[in-house]
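Student: Could you walk me through how to read this structure, feature by feature?

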Amino acid sequence: MSKHIVTGALLAATLTLGTATTASAAPPHGWELPAMSVPAAHAISQGEGVTVAVIDTGIRTDHPELKGRATEGPDFLKANDKSQPWYGGHGTAMASSVLDVAPRAKVLGLRVIRDEDDPNYQGGRLSNPDALSQAIAYATDHGADVISMSIGSRKSFSGYQEGDLKAIDYALSKGVTILGAVGNLGDKRAGHDNAISYPSAYPGVITVAASTQDGSRASFSSVHSYIDIAAPGVAINEADSRSSGRTSGEGTSTACALAAGVSALIVSKYPDLTPRQVEAVLERTASHATRGYSAETGYGVINAEAALQAAAKLTPEEKVTIGETGTGLHFGPGDDGTPKTYSQGVDSFMVGVSAVGALITLFLLLGGFWLFKSGRRVQAQGSWGVESGGPVAYAQSVPPSALPQQNPYQQPAPPQHNPYQQPAPPPGQWPPRQ
């Protein structure tokens, strides 16, 4: 099942789906699990005892791929449409990808956005702007060990929400590992703008890009310096909510769900590891970690078996509570080496503020220059045709409008004495007496 990213209205707390419909060469169904070494990892862990919260469009718990392994929590849109055929399409597909990787885990479905097939979709607007933060807090307080967010903001000014960041900090302080899809806006040939997308851009979220079968970036996958790792995102075999079977889907949404499944394997086997440590082992064992970082795929495609082996060597760290140093930090790279042909996206709000500031500065500079030139002109005018001891004679080329205007409230300045000027003779006397 595939979805488009859709633009929401400005200043609306919009979240949009993170899957894509970009055409690509079709790998065989089920290629994604071997590509991440999941079959070998299952000899170590299958996700026992772990709950993964899928924050999405809701899920269909009666689907054969989810039945007995999934429950649904509150609908944070406060709607009553679970019986509709379009309900939970995207969320059900994401839940199936999580369970494909971690078959003994449990899924908790939490609805914060509508499917595009929903007649009330309205371009992705949220009827409850606090839905995401409420869902994260609920998942944390109701036993979630991992949170998967295959969703993303798609507006110029209000993608960032302080309440969402605080909820993420709260979940991290409780030891919950959080993953987010980077977004499907990376194909410039298709007119994409590669915009920054939340919640994946929040500090502390493990940001997932989509890869192809050869490990390279899927053409639609956004390019950003906060990407951590990649997972398969093309021709993925996922549950179809409108049937009892499966369909082919693609996008960074699916990549995020698969990565959440691998995180569940790690947390199941090593429950005392902190979210930062889970992120670290995913990065250090990814496909091109030894070659360095890339803003296209982070440290590369996840290797579930290698990550579990690396996790076995770690000593659990102490969890950080809210307010202490380190809470909410993003443990990403420094110089990311982003290719010059790809934009890392822009923070439109800051660009707007900078533009306004630049315009104000320009006006001030122009005004100062005008005042400076005006002062020079008046000064020059005051030195033309001056007769010693007599009135000012203005050049004929100066228009009347350029004459200085008299201020009725200003006292006339006393005449300045010229020590080299002879006193004028009395009337009728010429030449002046020596």
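Tutor: Let's start with two terms. Buried means under 20% relative accessible area, exposed means over 50%, and partly exposed is in between (1.4 Å probe, protein chains only). Helices (H or I, at least four residues) and strands (E, at least two) are DSSP runs, numbered from the N terminus. This is a predicted model, where local features need pLDDT of at least 70 and side-chain atom pairs count only at pLDDT 80 or more, while totals for chains, interfaces and linings use all residues. Residues are numbered from 1 along each chain as its sequence is written, and side-chain values use heavy atoms, with hydrogens and water left out.

Student: How much confidence does the predictor report?

Tutor: pLDDT is the predictor's confidence in each residue, from 0 to 100. Here the protein chain averages 80, and 68% of the residues score at least 70. Residues 21–26 stay under 50, and the model gives them 13 contacts beyond four places in sequence (a contact means heavy atoms within 4.5 Å). Residues 329–343 are also below 50 in pLDDT, with 35 contacts beyond near neighbours in sequence.

Student: Is strand β4 enclosed or open to the outside?

Tutor: Count its buried residues. Strand β4 covers residues 106–111, and five of the six are buried, so the rest of the structure largely encloses the strand.

Student: Which strands pair with β4?

Tutor: Two strands pair if DSSP finds at least two bridges between them. Strand β2 (residues 51–56) runs parallel to β4 and is joined to it by six bridges; Thr 51, for instance, has Lys 106 as its bridge partner. Strand β3 (residues 70–75) pairs with β4 over four bridges, also in the parallel sense. There, Asp 75 stands opposite Arg 111.

Student: What else links Asp 75 and Arg 111?

Tutor: A salt bridge, which is a side-chain nitrogen of Lys or Arg within 4 Å of a carboxyl oxygen of Asp or Glu. The Asp 75 and Arg 111 side chains meet in one at 2.8 Å, N to O. Since Asp 75 sits in β3 and Arg 111 in β4, the pair ties together parts that are 36 residues apart in sequence. Asp 75 is buried at 14% relative accessible area, and Arg 111 is buried at 1%. Arg 111 also forms a salt bridge with Asp 118, with 3.3 Å between the closest N and O atoms, and Asp 118 is buried too.

Student: Where do Arg 276 and Glu 317 lie?

Tutor: Their side chains meet in a salt bridge at 2.5 Å, N to O. Arg 276 lies in helix α7 (residues 275–284) and Glu 317 in the loop between α8 (304–311) and α9, so this pair ties together parts 41 residues apart in sequence. Arg 276 is partly exposed at 26%, and Glu 317 is partly exposed at 33%.

Student: What does helix α4 pack against?

Tutor: An α-helix has 3.6 residues a turn, so residues three or four places apart point the same way. In α4 (residues 131–141), the buried residues include Leu 132, Ala 135, Ile 136 and Ala 139. The buried residues of α4 pack against β2, β4, β5 (146–149), β6 (151–152) and α5 (162–173). Just after the helix, Gly 143 takes a positive phi of about 90°.
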